[in-house]
Amino acid sequence: MTLLRRTVAHFPTVAAAGRCFSDPIMPPTMPWAARGDHMFGIPRKLIFMGGGAFAKIVATLFNTTTVHNADALLRAVTCRSPAVPLLTVSNHMSTVDDPVLWGFKGFPSTNAKLGRWVLTAEDICFRNTVLSYIFRLGKCIPINRGGGIYQENMNEALDRLNDGAWLHTFPEGKVFQEDAPIRRLKWGTASLIVRAPVTPLVLPVIHHGLHEVMPEKYLFGRRPIIPLWSKHIKIVVGEPIEFDLPDLRQRAKIQSRESSFAKIGWPTISQHGLDEAAQKCLYSIISEKIQTVMESLRIFGKTLSKPNS
């Protein structure tokens with residue numbers, strides 16, 4: 001789905017058309033287009049068929065993709081209880097991570113019903129009505145980077161988890177193409193785990209190689225017009241991360257008494273008596289745990305050999 005914003009940038013007539021349809025009064029986030037029954041679900045199916053086909057072409061035809069522990073992801077997507085939401089988290093190495101991550105052989109990337117919801121940057125993917133409509137059909141939720149964890153569209157993400165859906169996030173917050181340890185994670189993902197009515201199944205995914213498929217600086221300091229080929233994409237799927245939330249809440253309450261977090265006016269989570277300081281401690285604890293697991297997977301991925309040429 002993220003390739004669409006790149007297409008607009010490289011084809012001025014498309015970009016111009018989008019600007020002509022921009023709504024100067026209301027942000028064009030179009031929640032109605034994200035509904036499954038919008039036009040009987042036909043536009044969504046078409047978007048997923050196209051996006052899924054593109055992902056498979058890039059991942060399996062133009063490049064070589066190997067996946068460690070793919071069954072864990074397949075089971076989580078296709079076989080978990082309908083009442084249990086799935087939250088996948090991954091590093092972010094390129095603008096085509098989504099959908100190419102889901103293009104490996106055997107994964108139902110063209111299935112709109114099973115397809116993930118994903119948090120996407122509002123300032124990039126929802127710049128005008130045309131892009132907003134396309135990304136909404138692709139089950140993308142607009143997020144204002146820097147807008148905080150209590151921004152309106154985070155409630156939409158919680159609603160999707162409440163529906164038992166699959167939600168994917170990039171908790172690092174932006175693209176990092178350096179081969180370096182996992183960066184400090186933003187607290188948005190942790191807040192979703194804590195605030196979700198049903199604690200989601202949290203599955204970590206680490207990948208490497210998509211930074212070579214879509215490098216940020218390729219020719220004259222710009223990304224290539226189309227994804228590159230003959231690269232090796234490596235995906236490592238971890239095991240579900242367990243969270244003992246009652247214990248973590250208690251730890252956070254104790255730690256918050258000595259915390260030095262600045263207050264910015266967060267609401268208290270009345271159900272568990274978590275004030276702003278306790279919430280920040282809790283989100284920090286959970287984010288650090290996810291970061292540690294992701295870094296362990298990244299290191300493990302380096303030990304996996306490339307397929308024979």
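Modeller: Gladly, bearing in mind that this is a predicted model. Helix α3, residues 42–61, has 20 residues, and from its first C-alpha to its last it reaches 27 Å, close to the 28 Å expected at 1.5 Å a residue.

Biologist: Within what arc do the buried residues of α3 fall, seen down its axis?

Modeller: The buried residues of α3 include Phe48, Gly52, Ala55 and Ala59. An α-helix has 3.6 residues a turn, so residues three or four places apart point the same way. The buried residues of α3 line one face of the helix, because, seen down its axis, they fall within an arc of 160 degrees.

Biologist: Which residues are exposed on the other side of α3?

Modeller: Buried means under 20% relative accessible area, whereas exposed means over 50%. On the other side of α3, the exposed residues are Leu46 and Leu61.

Biologist: Is Glu152 buried or exposed?

Modeller: Glu152 has its place in helix α8, residues 152–162. Since its relative accessible area is 68% and the cut-off for that class is over 50%, Glu152 is exposed.

Biologist: Which element supplies the largest share of the lining of the largest pocket?

Modeller: The largest pocket has a volume of about 790 Å³, and of the 34 residues that line it, the closest to its centre include Ile143, Arg145 and Phe170. At least two lining residues each come from β3 (117–121), α6 (122–125) and α9 (188–195). The largest share, four residues, comes from β3.

Definitions and conventions
Residues are numbered from 1 along each chain as its sequence is written. This is a predicted model: local features need pLDDT of at least 70, side-chain atom pairs count only at pLDDT 80 or more; totals for chains, interfaces and linings use all residues. Side-chain values use heavy atoms; hydrogens and water are left out. On a 1 Å grid over the protein atoms alone, a cavity is a set of points where a 1.4 Å probe fits but cannot get out, and a pocket is an open set with protein on both sides within 12 Å along at least five of seven lines; lining residues have an atom within 4 Å of a point. Grid points are joined across faces, edges and corners, and a volume is the space filled by probe spheres set on the points. The expected span of a helix is 1.5 Å times one less than its number of residues. Buried means under 20% relative accessible area, exposed over 50%, partly exposed in between (1.4 Å probe, protein chains only). The arc is that of the directions from the helix axis to the C-beta atoms.
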